[in-house]
Amino acid sequence: MTQVTRLLRSEWTKFRTVPGWVRAAAAAALMIVLFPLTGLAGGAPEQRTTVPIGPHGEPVSDAYFFVHRPLFGDGSITVAVTAPSSTSPWAKAGLIVSAGAEPGARYAAIMMTAAHGVRMQHDYLHDRAATAGGWLRLTRSGDTVTGEVSADGASWSEVDSVRLAGLSGTVQVGLFVACPPLVDGIGTAGNTATATFSDPQLAGAWPAADWTGDQRGAGTATFAGYPSGTSGGFTASGDGFTVTGAGDLGPAPRSEVPVGATAADLLFGTFPALVVIVVVATQMITTEFRTGLIRTTFSASPHRVRLLAAKATVLAGVTFTVCLAATVIAVPLWLRVVRGLGLTVFPATDGTLLRAEAGTAALLAVTAVFALAVGTVVRRGATAVTAVVVATVLPHLLARTPFLPPPMAEWLATFTPAAALAVQQTLTRYSQVDSVYTPATGYYPLSPWAGLAVLCAYTALTFALATVLLRRRDA
């Protein structure tokens, strides 16, 4: 048996023969599994506003004013349109094919925006930019919808061609205006936009009918940014239409879905578990200093760096194994509970959820080694626990405070050990949606593994300092 193997076996024996440490590891796992229960007090299901769910299972904003006519089979519509008058950069005015009036229905639209030019968007998540032009055309051919743009109404460029699977034979097609809420870095405020359209040029199977205007998504106005008490509308003249609307078509960011769950919410037990793990990790070294047992340990294992590395290996291995088992149980368990309660769940792929589960276990394991190193440096259990909790938990809690200025929250989530909590994020930032993308709403400035790397860097530096001091002191 090599010396390294003997050291590992010795430290493992120490760990498993201290009942308090074993119970603490089990308690940490139990906290991860059970603690999300405390965060589900969002009101009874019947008190919660229903959030539209898009075709890919994601919460969406689906509110706009629609001036439409039915189209039987294939056909096209062409108009000249002005950019919407609004201070909201993503105010939209254009042409849309809607698969139905129900919230979250599939659609394809080509539009002028207030500050982002011409875009072709469909099914809430997809967005493509185009060259500038004041004329828009939308063509339906079976399940395929094609958007085109022109500067003069004569020469056309295709923006995108998309397939809306299962599109019925008769669809509603026409003009629309939407205006997302203004974003000030802290919250959002409702807004409206107005645009003018030329008299639509129609080709294909359009039956004789009047243009009808109605507000889509009125029942979901709270989450779509539709101003309370505001109604869109349209006026017709011989030259075309003037249309006013509000709301948005696109993915709903976290700030617009207050009663919505992510993987991070389902792993809320990470924080109490982290405190327990930190206490155990510091005790593994500070107890030996306090009782004088460290001299016996040094006599049996004079190579101090290897000794500390063996402690770190056993501690990290136990923490990762126990916590991974807990996260793998907690996430699917609470996903079923949350869905059963009628709460909205932001979708994530199985791979993303696995990354959040394994990343959380790795986060706790690295934090344990960080705590062990801090305990080696300061040699006092209470001081070490306080230092590690202040360095890892406090910055995260401050960054999640809604009233903290966003730049400060971003800094805390980038440069402190709390950046490692990014491993739990499963939300996506969408470039076509202005929102409050801050840690307070579940969006982190660093990618998941980059955030964990920040904690690893702090741990490596502290561990290096601990090995230097361990060699020099008690020589």
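The model is predicted. It holds 13 salt bridges. A nonpolar patch on the surface is formed by Val390, Leu394 and Leu398.

**Salt bridge Glu11–Lys311**

- Glutamate 11 and lysine 311 form a salt bridge, with 3.0 Å between the closest N and O atoms.
- Glutamate 11 belongs to helix 1 (residues 3-16) and lysine 311 to helix 7 (residues 304-340), so this pair ties together parts that are 300 residues apart in sequence.
- Glutamate 11 counts as buried because its relative accessibility is 2%, under the 20% cut-off.
- Lysine 311 is buried too, with a relative accessible area of 1%.
- A network of salt bridges links Glu11, Lys14, Glu288 and Lys311.

**Salt bridge Asp74–Arg140**

- The side chains of aspartate 74 and arginine 140 meet in a salt bridge, at 3.9 Å from N to O.
- The pair links distant parts of the chain, 66 residues apart.
- Aspartate 74 sits in the loop between strand 2 (64-72) and strand 3 (75-80), while arginine 140 is in strand 8 (residues 135-141).
- Aspartate 74 is partly exposed, at 41% relative accessibility.
- Arginine 140 is buried, with a relative accessible area of 5%.

**Salt bridge Asp160–Arg128**

- Aspartate 160 and arginine 128 pair through their side chains in a salt bridge of 3.3 Å, N to O.
- Aspartate 160 is in strand 10 (residues 156-163) and arginine 128 in strand 7 (residues 126-129), so the bridge ties together parts 32 residues apart in sequence.
- Aspartate 160 counts as buried, at 13% relative accessibility.
- Arginine 128 counts as partly exposed, at 43% relative accessibility.

**Nonpolar surface patch**

- Val390, Leu394 and Leu398 together have about 230 Å² of accessible area.
- Valine 390 lies in helix 9 (residues 381-399).

**Positive phi angles**

- Most residues other than glycine have a negative phi.
- Tyrosine 124 has a positive phi, near 75°.
- Tyrosine 124 lies in the loop between strand 6 (118-122) and strand 7.
- Tyrosine 124 is buried, with a relative accessible area of 2%.
- Arginine 379 also has a positive phi, near 65°.
- Arginine 379 is placed in the loop between helix 8 (350-378) and helix 9.

**C-alpha separations**

- Alanine 208 is in the loop between strand 15 (201-204) and strand 16 (212-216).
- Alanine 208 is exposed, with a relative accessible area of 83%.
- The C-alpha atoms of alanine 208 and proline 70 are separated by 9.3 Å, and the two residues are 138 residues apart along the chain.
- Alanine 129 is in strand 7.
- Alanine 129 counts as partly exposed, at 47% relative accessibility.
- Between the C-alpha atoms of alanine 129 and methionine 111 there are 9.9 Å, with the pair 18 residues apart along the chain.
- Arginine 355 is in helix 8.
- Arginine 355 counts as buried, at 17% relative accessibility.
- The C-alpha atoms of arginine 355 and glutamine 425 are separated by 9.5 Å, and the residues are 70 apart along the chain.

How values were computed:
Residues numbered from 1 in each chain as written. Predicted model: local features only at pLDDT ≥ 70, side-chain atom pairs only at ≥ 80, totals over all residues. Heavy atoms only, no water. Patch = residues over 30% accessible without salt bridge, like charges linked within 9 Å, V, L, I, M, F, W, Y side chains within 5 Å. Areas by Shrake-Rupley, 256 points an atom, 1.4 Å probe, with all protein chains shown as cover. Salt bridge = Lys/Arg side-chain N within 4 Å of Asp/Glu carboxyl O. Helix = DSSP H or I, 4+ residues; strand = E, 2+ residues; numbered from the N terminus. Buried < 20%, exposed > 50% of the residue type's maximum accessible area, 1.4 Å probe, protein only.
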